[in-house]
Each structure stands twice: as C-alpha cells, then as structure tokens.
Amino acid sequence: MSFAYTNFCTTSTTNCNSWSEVSTWGACSTTTDTSAFGPFNNTCVNTWQLVGGATSNGNYYFTGPVLQHIAVSSSYNYCWDSQKKTVNEQIKEILRKRIASDVIVNCKPLGHAEDMREIRARETLRNVIGEDKFRDFARRGSISVRAKSGLVYQIFPGSGFTKVYNNGKMMDRLCVVLTGGFPPTDSLIMRYLLILNNEQQFNSLAIKHGLTKPVVVEKPDQRPLVEIFKSLKKVA
Amino acid sequence: MTAVENVIEVPLIQNSFVKETITISDKFKVLKDKEKISKGQHCFRFLTPKDGDKRVVWDSRDMNQIQEAKNMFDECVAKGFVPYRVGRDGKKTPEVMDEFDPDACEVVFLPIRQICGG
C-alpha cells in the first residue's frame, strides 16, 4: 500500500507542530510514535498534533477535507489524506509518461539579434559551418563538434560552458572565453575553430568546471497495463 | 552608417588594454553590411570586438593584391592572429594555415591573445 507522504513535510526534526505545508493532519495512537508515517517519522519524535479526538480504544483520529484510506498496523490505526490519485488517473499518468519522449530537452533557440556586430558574426559562422549546421544552431542554440580525439564538444555562444561528451556521457564542462566585449557568436566561432584544430590548446586554456548533478528521469512502470490496473484495483 | 575603419586593433600582449594596430591596405576593400563577396575575390575575416567581424576582400587575379595580401597575412600572424582556412558555406573543415595560400578563398583570423579560460 502506498502512502501520500507529500503532505507530511517538515523543516523541523524535533517538533511536529512546526510542520509546514500540511493541510490535513495524521495522528497516531501514541504521542511519540515514529513509525506510522514511514521515513519522515525517523526524524520526528515529538508529539503529534491532535486535531480530532481520541476514541475509547485510545486511537487518535484526525480531520481533513476528505479522508479515505486507513491502514491498519498491529497496534494502532493511522491515516493519510485523500490526495491519492484514483486508478483511472494513475493509469492516465502512466500512459502519458509512456507516450512522452524520454529526453530532457535543454535548448534555447537563437533569438533575434539587433547588434550589427552580432549579425556579422552570425554571417561568418554561417559561412564557416555551412547552411545546414547553422540552421541547427539557430534551432538549438548550440553546435556539436566531434574533435580528433573522438570527444564531442557541445558549444554555446557567449560565455556558456562547453560541454564535453564521450559516447553520449557528459565528461566535463569547460570555459574558454574571448575577452574584450566580442559578440556572443564570435566566441562560438573561436571555440569551434580551436576544438577542430587545436583541441589540446583549447583544453589547456579552459577552466574546468566539472560535472553538474545529473538529472534523474523517473522511468514509468513498464509492466503490461492490465497487470498495473489489477494491482491498482487491488490496492484501491 | 559609420565609415569603415581601415585599421584592426589587437592587444599588444595577452589580454592587455594596450593595443597595436594593423593597417588595411588601400588596395583592399572592407566590406560593408549586406555587401557580397564577388567572383574572384578572396576574403580575410577578422574577429574583432568593435565590428564583430571585419571582412577584408582582395582580388585573387591581381598579383599586386596577392602580394599585399601575403604581407598583411604575415603581419596579422606576427601580431597574434591565428589564421584558419575555411571553405565557403562550410564545405571544408577549417584548418590552421602555416603560411599564406593565395588559393584560400576564406580565412578567419582568430585573436589568440584575447582568448582565456573563464
């Protein structure tokens, strides 16, 4: 059985009364219970806020907009609010995730340039890399170059980091710039020419900024839909 | 439109504010915006902060201009520009030029003294 933990967030590790973003409250049979609500309780050992009333058997109840699910443990009851999605909604969500492409798109198309220097620089770039690559650049805001070493460099205009990839895996982020107020595309031309011809020099000039924390893409449930539906029904 | 300057400024040493200049010969033409390179003309492109890209064209059929172009090429290299031969419309992979080649249609000059890590 899954729990909607999202409403039980806290910034305090000692006092449940200071929990934030809680619209509905959970309650336990004991005021110092730390197990009923899963991982969050591992950090919270203080009293639960009693918003309902104790019944004759000693269990705490709670109030909220809608309360639907009650899970029973060996010694006490506990609940969570009903923000849990219906089976239909969960199936729809799984379908949406399956249809969506599994790619994080992080591109910024080239904007309109008013500065004549930038327009000239773009003309030069078009001449250097050719019409097709330039069109890609306009759409994505970056160009990718395979250097002689086999590494692929993704170059951005201006002071953007150059990302280095090896077999599709990001290895490093490098920063090489043109000083003196050059238009952004001039920097890109410089990086493009250096990487293709003087990769070592480019790397020696560059300041290495390391990797960023990778974005983890949650994989949708890959089981057959019938199986998922059955298991969701069983839970509901 | 402002008049086209016939000089190119380069830092005297790495990332310096003190500049030295390269004068463009009167025989050459500095292309204005929207002007196209005509047939028989070869082009030097300089990346400069002031212009973004300064395009100097010379006639590849005129021996005097070829000689002038060679002189200018040598002066630019001496003053910290690295020349890259590029093919028109990206048809050729850019490559560093060790010496002047009158057959190179397009040469991009990179101001190496203004490149640094960021």
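This briefing describes how two helices of chain A pack on each other and on a sheet of chain B. The model is a predicted one. In chain A, the axes of helix H2 (residues 116–129) and helix H4 (residues 184–197) come within 8 Å of each other, while in chain B an open sheet of 6 strands shows mixed pairing.

**The helix pair in chain A**

- The axes of H2(A) and H4(A) cross at roughly 25°, and because angles under 35 degrees count as roughly parallel, the two helices are described as roughly parallel to each other.
- The crossing of H2(A) and H4(A) is left-handed, and the residues of their contact divide into 8 nonpolar, 2 polar and 3 charged.
- On the H2(A) side the contact is made by Glu118(A), Ala121(A), Arg122(A), Thr124(A), Leu125(A), Val128(A) and Ile129(A), which meet Pro184(A), Thr185(A), Asp186(A), Leu188(A), Ile189(A) and Tyr192(A) in H4(A).

**The sheet in chain B**

- The strands of the sheet follow the order S3-S5-S4-S8-S6-S7, with strand S3 (29–30) and strand S7 (95–96) as the edge strands, each of which pairs on one side only.
- Strand S6 (residues 81–86) and strand S8 (residues 106–111) of chain B pair in the antiparallel sense over 6 bridges, and the bridge partner of Arg85(B) in S8(B) is Val107(B).

**Helices of chain A on the sheet of chain B**

- H2(A) lies across strand S4 (41–46), S6 and S8 of chain B, and runs at about 120° to S8(B).
- H4(A) also packs on the sheet, where it touches S6, S7 and S8 of chain B, and its direction makes about 100° with that of S8(B).

Key. Residues numbered from 1 in each chain as written. Chains lettered and ligands numbered in written order. Predicted model: local features only at pLDDT ≥ 70, side-chain atom pairs only at ≥ 80, totals over all residues. Axes fitted to C-alpha atoms, helices over the stretch in contact; angles between N-to-C directions. Helix = DSSP H or I, 4+ residues; strand = E, 2+ residues; numbered from the N terminus. Parallel < 35°, antiparallel > 145°, perpendicular 65-115°, else oblique. Left-handed = near helix turned anticlockwise from the far one by under 90°. Contact = placed C-beta atoms within 7 Å. Nonpolar A, V, L, I, M, F, W, Y, C, P; charged D, E, K, R; others polar. Pairing = 2+ DSSP bridges.
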